[in-house]
Every structure is written in structure tokens, then in C-alpha cells.
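Colleague: I have this one open now and have not looked at it before. Can you walk me through it?

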Amino acid sequence: MTDKSLSTNVLEKPSVVSFRATEAVLHRLGSWKRPLVVFALWRLGLGLVALLADRFLPQLTPVDFFYYRPPSANVLEHKLLGVWSAWDGQWFLQIAEVGYAPPGQSTPFYPLYPALVRLLAFFLGGNDLWAGVILSLLCAALCFVLLHELVRREWDTRLADRAVLYLAAFPTSFFLVACYSESLFLALTLGAFLALRHGRHYLLGGVLVGAAALTRNLGLLLLLPLGWELLKGLNLRGSAVEAQQGLASASASTANTRLRFSFNFNTSTATAFALFLAPALVLAAIWPLFSLRVFGSLLSSTGVLQEFWHRSLNWPFVTIAWAVGKVAGPTGNALIDYTNRQNLLFWLLAMALLVGLGVLVARRQLPLSYFLFSAIAVVVPLCWPVGDWPLVSFPRYMLVAFPFFIGLALAGRRAGWLHRAYLWIAFPLLAWEMANFATWWWVA
């Protein structure tokens, strides 16, 4: 090879690498267009429903139901943005503005979302309402993209399109763009699953789990399904069997090689767990330690849940029996009775979906970790019922159980009627719930 040809090859290699990298990025951006188009149409539709509801439906007065109102906004801000700060959104904005003021009624709301609102508001002239809306909007878009990417890598693009569409159609999906922590938590959860299932990025997965633990009480419990993913990825049992078979049949030199392989594998296992668990546990410890420092208790929110929010720790089956009793024997309050019936229907739907996920796992069509996370997302809220509203907010809590939408997509692939039935039922319910939320009626 001549010097000239060598020089040419050396010069060409960076350009080839650059071209391939650019091509990969463009291909990835192309795959992101699909969920982002769904997201844009979905968000525009929600905004239109909110404006129509504000114009034509009777509204409850927010001040009659809440203790905090954001700073006064002009008419345009109120119409376009104020609707997204209803109910618990007011608490998150209050924390962002004034912190966890004693006596600590706001401590059940975890700190990462309001902290990010406060940070973003710094660049927006201190406008927490704008910051909350923009933060949730960005996190919601990220949820659509990450769900599509996760399903596309696991199965194919068509199934990913359907899973994203089912998420958008879910009757309480509008909470993803409200000033709530659902979109941030779901984005962190999807990111953690992507990090552990695709790429084995243990440190990143641990950081995302820790961040999720600072966002919702479910966050630290992600260690269970993702810990299983880590174990499965490291393939402990398969490697152990391989080593035993090799020792039994190979020569002494080969056996020594197998022994060294086994030792290195164990070291790698310990390293992987350390990279995953260390950041998750360190970040998760921030909130209880802050609570201990400020309120004098590691679990200050537990007492607040009982005293102020009327939530009490209970067995899940007791909560369900309680909810059935409330539906069978109405309280006489039309709003409470309607909400209890709706919540019980959503719980029945969640149980049906959970059983469906179990069948898919048994048929090896769905990873076990997806089922474990969905079970956690369904069971944990049942442990904290509320007075006359045992399943209060359950329809919203279901929203973060993203494997439900994957399971529906897998089932709808072979049953076209299920696909059509879900969309024909879910989208009208979404419009109905969005209209209620926009007029300050309680939804979830």
C-alpha cells in the first residue's frame, strides 16, 4: 500500500464513521416522529376540550375546595394554563413557591417535581405556573418517546405505535400534562427500564430509580422489578450451570479457566449491583433525612396522611371490601357516590389487565419485570384508603402502569375488535374526564 492510499484511507475513516453516526441519529429521530405526532395531536385535543368545557359547562369555584391559589393571572393565562394547576397541582406549585411550610400538610408530596418547577421558574421570572406547565409538557413528551422506544426495541414499531396510542387514549392521561408528578415519574420509570433492559447501564438505572424515589412513593419499589432485570441480565443461573458442566467434562487446564471465569463473573455481579443500588439508595435517602431534619421524623408524611388527608394504612383486600360496601350502600353525596363507582370500575379494569399480563408472562410474551411493576402500581395505592373515598385517585395511579398499554397492544394485535373497542370507549371517556377536570370537578 502506498503512502497516498494510506493517507486516503486514514482521511476517509472519520468521514465514514461520521456519516454512519449521523445516519443513526437521523434514523432515531425518524422513529421519534411517530410518538411526537401522537403527542402533539393528543395535547391539542386536550386543550380544545378544556376551552370548550370552560365556555359551555358549569364550573365549581376553586377557592371553595382548596387552601392555596397561585398568583393572579390574566385571562389568557387562566384559560390556557390555569386549568392545568387544579387540585393537587396547587400543592405542587405551593411547595415550589414557599417550600414545605409547617405544620407539614404538604409533606406527602415528594420533592423532585416541585424542586424542578422552582428551578425552571428561576429562568421564567419566578412564574411557577408557567414552569409547572412547561415541565409537565416536556416530561409527557418524553414519556411518549421513551414508551415507543422501549416497545420498539422489545417487539416492533407497529406495536410501539399502538402502545403509545393506548397511553394517549387512557381516560386520565391528561394528568401527564397537568402540574402533577405523574409525567416525571413515568419518564424516570421508562428510562430506568430502558437502561437495565437495553444497554445494561447499571449506574444510570440506579440514578433514575433514585430520582423516581424522590418523585413518588412507588419509586424505591422499582428496585424489585429492576433488580430482577439485573439478575436476569447477568444470567447467574445459566453461567453457574455452564461452569459446572465445563468442570465435569473438561481437562484440568480448561477447569482452571472455568474457575477463573466464575470468579470474575461474581466480581462483575457485585460491581453491577453496587453501581445500581448505591445511587438509588443514596438519592432515596434524601427525602426521609430531610424530613427528619425539618419535621423531626423520618416518615413525617405518615402522620400527616392520617391526620390531614384521612388516609390510614390498611390491607388491600380490606380497602376493596370497603370500596364495594360504599358502592352497595351509597353515602347520599352524589359526587362521592359517583366517584366511588368510577374508582371501583377502574380497579376492576386494573385487575383484568393484571391477569392479562400474567397470562402473557406465562406464555413468555412479556417480561416478568413488567408484571411485577404493574402489580406494585396496583397494590400499593390500595394500602392507603381514604374515609368515604377508599379508592380515591386510583384512576390516576393506574396511569403510570405502562405495561398495561403494552399488554393491550399485544392482545389487540390478534384481536382487532379489542383495539377498536378500547379506542371507541377510551377517547370519549378521556374527553369527559378532561372536561370535568377543566371545570374543577374532582376526577382522580
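Colleague: Is Asp 88 buried or exposed?

Modeller: Asp 88 is buried, with a relative accessible area of 11%. Buried means under 20% relative accessible area, exposed over 50%, and partly exposed in between, with a 1.4 Å probe and protein chains only. This is a predicted model, where local features need pLDDT of at least 70 and side-chain atom pairs count only at pLDDT 80 or more, while totals for chains, interfaces and linings use all residues. Residues are numbered from 1 along each chain as its sequence is written, and side-chain values use heavy atoms, with hydrogens and water left out.

Colleague: Which residue does Asp 88 form a salt bridge with?

Modeller: Arg 396, with the closest N and O atoms 3.3 Å apart. The pair links distant parts of the chain, as Asp 88 is in helix 3 and Arg 396 in helix 16 (residues 394-397), 308 residues apart. A salt bridge here is a side-chain nitrogen of Lys or Arg within 4 Å of a carboxyl oxygen of Asp or Glu. Helices are DSSP runs (H or I, at least four residues), numbered from the N terminus.

Colleague: And what else does Arg 396 form a salt bridge with?

Modeller: Glu 182, at 3.1 Å between the closest N and O atoms. Glu 182 lies in helix 7 (residues 182-197) and Arg 396 in helix 16, so the pair ties together parts that are 214 residues apart in sequence. Glu 182 counts as buried at 1% relative accessibility, and Arg 396 does at 5%.

Colleague: Changing topic, which residues have the most contacts inside the largest nonpolar core?

Modeller: Trp 84, Phe 402 and Phe 437, in a core of 126 residues. Helix 5 (residues 128-154) gives the most to this core, with 13 residues. Such a core is a set of buried Ala, Val, Leu, Ile, Met, Phe, Trp, Tyr and Cys residues joined through side-chain atoms within 4.5 Å.

Notes. Helix = DSSP H or I, 4+ residues; strand = E, 2+ residues; numbered from the N terminus.
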